[in-house]
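Here's a friendly walk through one protein model, from a single residue out to the whole chain. Have a look at the sequence and the structure first.

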Amino acid sequence: MRVRTEGPGGRGRARPAQKGRTHRERATGQHIDYEALFEAIPSPILVLSPDLMIVAVNAAYLRVTRRTREDLLGRYVFDAFPDNPARPETTSTRNLEASLRRVLRTGERDAIGLEKYDIPVPDAEGGFEERYWSQINMPVRGRAGTVELIVHRVEDVTAFVGRSETPSPQDRATDADFYIRARELQELNERLRQAHARERETALALQRAMLPASPLEEHPYAAVRYRPAVGSLNVCGDWYELTDLADGRIAVAVGDVVGQGLEAACVMGQLRSALSAATRAAEGPAQALEVLGLYARFVEGALAATAVQVVIDPAAHTVAYSCAGHPPPMLLRLQGTVELLDQATDPPLGARPEHVRRPQASIGYATGSTLVLYTDGLIERREEDIDVGLDRLIASLSRHSGLHPEPMADALLADLGVTGGPAADDTALVVIGL
């Protein structure tokens, strides 16, 4: 698809919305003309930028509004469709703007029930025309997970609300009942949205309470970052843990619970606490994850959880590690090379029906090296192979070799697009200076 934007001098120009061929095109050998597909969609559609400027419009939208592309492209949506000044009590633009802002803030689809929204008629006629609409606003995410466009789809339902210029009393009663029921559904939807937002805030507060505080005082060699997803999916499932062992070794772990909201936060708390206790009694990270895996079988919602633990021995300059279905830690050496700690990988915590010893590996390091643990939110992107994200992280680590943990953590988040804007998934990041 090619998105039309406003170029210099107000002329519309086209730019590619994506580079190269899609996975489907490569698999089938069929080229899809997305611009023609967009034009052929029977539902009226506007495409808006994050600052609510109109960047694309399909033929169905032009027909239903009796506008031309020159009327709409490059304009602020509420300049193109303002409130009817003859009806100062109307809330149509306010309701639509609130919905669009929610999409930008949450990264989630948002629907507006039946809404009376008068639109300006062509200049030759002047004035406003009474219209009723059903509207849906949908986010389009970029590779970094941020909302880059909003698809605003409408259906003109004016014909159902006012079927004739002189409706009968029965028609008026039916129309009024239809309108009232639609408004009731919209109000119910808003109450449900508010309840969902309260639950999410409670889940985030619970997770913050269960995660360790900033390690600056107790662990000045470490930097930790946690970025919750703005939407509901997978929120509150990521965690991290730093444990000082009695013999001077340091255990560091990160994990990820599949789920959402309060349920995921509670499972996360149970697993983190269980691993903290197991680490103090186990001989190494593999044995600690074995114990955690056995425990996970008895915790509802924990079977698909993943975790990785490393145990750092500063005296021997070694790192022992074990992975349970989790992305591998990375070791940044002094010369800028990066090694994946992927020689001790195993399925997620509760995946095995019978007990099997988990693998463990060890690697040496020189003073001044950096160890990085993270969750998949840092590297995974929709419609992108995970190896691409791993390579992106490796390149970022090499580029910032020599930084201390705190600035290194900020640089990694910035390079991988996890700072600012709505995130598609939770992200936990731990950077250890060795």
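Let's start with S396, which lies in helix α11. Helices here are DSSP runs of H or I with at least four residues, strands are runs of E with at least two, and both are numbered from the N terminus. S396 has a relative accessible area of 0%, so it is buried. Buried means under 20% relative accessible area, exposed means over 50%, and partly exposed is in between, using a 1.4 Å probe and protein chains only. Which residues does S396 contact, leaving aside neighbours within four places in sequence? They are A411, L412, D415 and L416, where contact means heavy atoms within 4.5 Å.

A quick word on what you're looking at: this is a predicted model, in which local features need pLDDT of at least 70, side-chain atom pairs count only at pLDDT 80 or more, and totals for chains, interfaces and linings use all residues. Residues are numbered from 1 along each chain as its sequence is written, and side-chain values use heavy atoms, with hydrogens and water left out.

**The whole chain**

The protein chain has 12 helices and 20 strands. Of its 434 residues, 47% are buried. Take the contacts with a separation of 6 or more: 61% of them are between residues 24 or more positions apart. The chain exposes about 21,400 Å², and carbon and sulfur atoms supply 53% of that; the areas come from the Shrake-Rupley method with a 1.4 Å probe, and for residues only the protein chains shown count as cover.

**An open sheet and its helix**

Five strands make an open sheet, in the order β10-β20-β19-β15-β16, with antiparallel pairing. Two strands count as paired if DSSP finds at least two bridges between them. From one strand to the next, the twist averages 15 degrees.

Now for β12 (residues 250–256), where seven of seven residues are buried. I250, V252, V254 and D256 point one way, while A251, A253 and G255 point the other way.

| Strands | Bridges | Facing residues |
|---|---|---|
| β11 (238–244) and β12 | seven | T243 and A251 |
| β12 and β13 (306–313) | seven | V252 and V310 |
| β15 (330–332) and β19 (370–374) | three | M330 and V372 |

The hairpin of β11 and β12 has five residues between the strands, and G248 there takes a positive phi near 95 degrees.

**Two nonpolar cores**

Nonpolar side chains tend to be buried together in soluble globular proteins. A nonpolar core here is a set of buried Ala, Val, Leu, Ile, Met, Phe, Trp, Tyr and Cys residues joined through side-chain atoms within 4.5 Å. The largest one has 26 residues, and V252, I312, V319, L371 and I432 touch the most other members. Among the strands that each supply at least two residues to this core are β12, β13, β14 (318–324) and β20 (427–433). V252 also has contacts with E241, L242 and Q309, among others beyond four places in sequence. A second, separate core has 25 residues, including L46, V77, V103 and I112.

**Aromatic pairs**

How many aromatic pairs does the structure hold? Two. Rings of Phe, Tyr and Trp (its six-membered ring) pair if their centres lie within 6.5 Å, and planes under 30 degrees apart count as stacked, over 60 as edge-to-face and the rest as tilted. The ring centres of Y61 and F81 are 6.0 Å apart and the planes are at 75 degrees, so this pair is edge-to-face. Y61 sits in helix α3 (residues 59–65) and F81 in the loop between α5 (77–80) and α6 (92–106), so the pair ties together parts 20 residues apart in sequence. Both Y61 and F81 are buried. Y76 and F78 also pair edge-to-face, at 5.7 Å centre to centre and 75 degrees between the planes. Y76 is partly exposed at 25% relative accessibility, whereas F78 is buried at 11%.

How values were computed: Axes fitted to C-alpha atoms, helices over the stretch in contact; angles between N-to-C directions.
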